[in-house]
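Good morning, colleagues. Please look at the model as it comes up on the screen, and I shall then take you through it.

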Amino acid sequence: MSERKIRVLTAKPGLDGHDRGVKVISAALRDAGMEVIYTGLRQTPEQIATTALQEDVDVIGLSILSGAHDYLFPRIMELLDEKGMKDVIVLGGGIIPEEDIPGLLSKGIDRVFGPGTYTSEIVQYIQSRVKGS
Amino acid sequence: MKDEKTLQAIREAREKWEERLSPKLKKFPERKESFETISGINVKRLYTPEDCADLNYLEDLGFPGEYPYTRAVQPTAYRGRLWTMRQYAGFASAEETNERYKFLLGQGQTGLSVAFDLPTQIGYDSDHQLSLGEVGKVGVAIDSLLDMETLFSGIPLAKVSTSMTINAPASVLLAMYIAVAEKQGVAQADLRGTIQNDILKEYSSRGTYIFPPRPSMKIITDIFAYCSEQIPQWNSISISGYHIREAGSTAVQEVAFTLANGIAYVQAAIDAGLGVDQFGPRLSFFFNSHLDFLEEIAKYRAARRLWARIMKERFGAKDPRSMMLRFHTQTAGCTLTAQQPPNNIVRVAFQAMSAVLGGTQSLHTNSMDEALSLPTEEAVQIALRTQQLIACETGVTETVDPLAGSYYIESLTNRIEDEATAYINKIDELGGSVPAIEQGFIQKEIQNAAYGYQKAIESGDRSVVGLNIYQTDSEKPSNLLRMDPEVRNRQVARLEKLRKERDSNAAAKALKNLEETARGNENVMVPILDAVKAYATLGEICDVLRGVFGEYQPSAII
């Protein structure tokens, strides 16, 4: 039996339409051999949590550039908790001020990647985190 | 451009020069095997008159202010009047944004540019479930005419020109602007400004759509018709390549997809019974100013010439103003780095300079901290000063289209026009911009270019100072602009008060009337204006239209 591919949900919570980053990262993860499901724009926290459950993903990548991460990221973590998905690795990216990051990490976000991050770094990070856990 | 004999002599001399160069190249090879523009156009070592041999000065360049407008749309360009310095701004509430506008006007800014928050851009009131977390974040929250009155309080609308980045609900925000002007005693005919109103690039690049493409096109043609009759100085659309480029396109794709969208709007308006010269003069454009300095200058020139030819030859425009591509430019936000933010001041200065050398009519310069957050007042001031420096100190404004006649610039202008034309032909084959977007063609082209660009940075083929070369462990600035978390609560309270205090029968009646009009074929602008004046909210008006037109359901492609 072949090894199960790493399954990643990439998602755009909130109303922001900047999807260049999420699409580039989705393409890079796919090219690195992962199974990538991209939600498209304007997903509510409920939709993201439900899709993550249905698709049985290992990782969720949340991309947001509007500044609404302070409300939306913790809300998504709450819903994942309610669904018993404590082991899914949740990553954040976009325009997220450094001083907001500790607060997001304390809510269970695994890591936040800022502007300029290489896709190769994200690929390696996901591979080592999923194997390690 | 030159006669055969002269060209022959140049060719022979060049070949001899290359022969002499050859041994030197073996000893001192060039830095790379081949060179290309940031958009992937091959760049030769040297350009000579041979590269512009087919250029016909009178037909291809002509004189400023005359067809095909390659050199400029105005005969005297910046010798007559400088570009409009217009910084895009808006955040939190109408009160706070109003203060920022007064600050900017006090600093010598010459036009306003309104940034709305995402709920406003997507037609939701601040108390909507989907607005949670978004109110006042990327722009100012506007729920009703009440907010719009506050936004422009103390700003004489007869004297400033105002650009509003609003697309799907453009009709509603324009109606609110007209209503505020009326209260100030300013006639519609005296209003100057622009609504972006360019829905097609929302589907492909920017994401703030509401309705499906076809009813959206109907609303847009209604706005064209209304503006041409009532607000003759208003730009009824700003056909935008900016966001297409930000989404990752090349310079050629930026020109091609923007002008293809322009063709779709013109065709839709003609199909709705408008004359091309009735609305053509009020079409305006919006381009990006990216890193490749010379390619960008050629891009603006190519776009001007190509649009003039399209309007004249394809649509039979007679009024010269219909053929003039007038454009706003913004420096490329996507090129700013979070690493070593002060470097962004320099990037922005080069980009602004290329827009000026390309003949822009107005300009926004990005602030150095925009890869980190919304800009602080200090960062905005430096960005505005950058424009003022170019205008007052560098001398590039003293003659029209100063780089014309450069063998490279002219050759690149031709090349961009040719390649953009090939893309437009391809889009025509697909049935035009709307089917090309529905089939995902444009989105896919942009995504592939974006992915290629990122790969080039990661492989080191493309250098980004501070990111993949000359890195330092620089401290990130800590004085970022923070939104007051109470903005939403205040906005919601204001909305509740409005709903209690307004004449709710009048608002309901106006909304009912709008619904009936939207179901028919009449122009929706008039009932929207009535609804706005009755203090119906943006969300209520858009909900009526959602009920009639439905909502766009994109297919996510990666």
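Across which strands of chain B does helix H10(B) lie? H10(B) lies across S9 and S10 of chain B, at about 145 degrees to S9(B). Axes here are lines fitted to C-alpha atoms, for helices over the stretch in contact, with angles from 0 to 180 degrees between N-to-C directions. Helices (H or I, at least four residues) and strands (E, at least two) are DSSP runs numbered from the N terminus.

Some conventions first. The model is predicted, so local features need pLDDT of at least 70 and side-chain atom pairs count only at pLDDT 80 or more, while totals for chains, interfaces and linings use all residues. Residues are numbered from 1 along each chain as its sequence is written, with chains lettered from A and ligands numbered from 1 in the order in which they are written.

Chain B as a whole has 22 helices and twelve strands. For its 558 residues, a compact globule would have a radius of gyration near 24 Å, and chain B agrees, with 24 Å; the radius is taken over C-alpha atoms, and the rule is 2.2 Å times the number of residues to the power 0.38. The C-alpha trace spans about 85 × 60 × 45 Å along its principal axes.

The strands S9 and S10 belong to an open sheet of five, in the order S3-S12-S11-S10-S9 (chain B), with parallel pairing. Pairing requires at least two DSSP bridges between two strands. S3 (84–85) and S9 (237–240) of chain B are the edge strands, each with a single partner, so one side of each lacks a neighbour in the sheet. S10(B) (residues 283–289) and S11(B) (residues 327–331) are joined by five bridges, and Asn288(B) has Gln330(B) as its bridge partner in S11(B).

Let us turn to helix H16(B). Just after H16(B), Gly431(B) has a positive phi of about 105 degrees.

Finally, the interface: 31 residues of chain A are in contact (C-beta atoms, placed from the backbone, within 7 Å) with 32 residues of chain B. H1(A) gives the most to chain A's side, with five residues.

Terms used: Contact = placed C-beta atoms within 7 Å.
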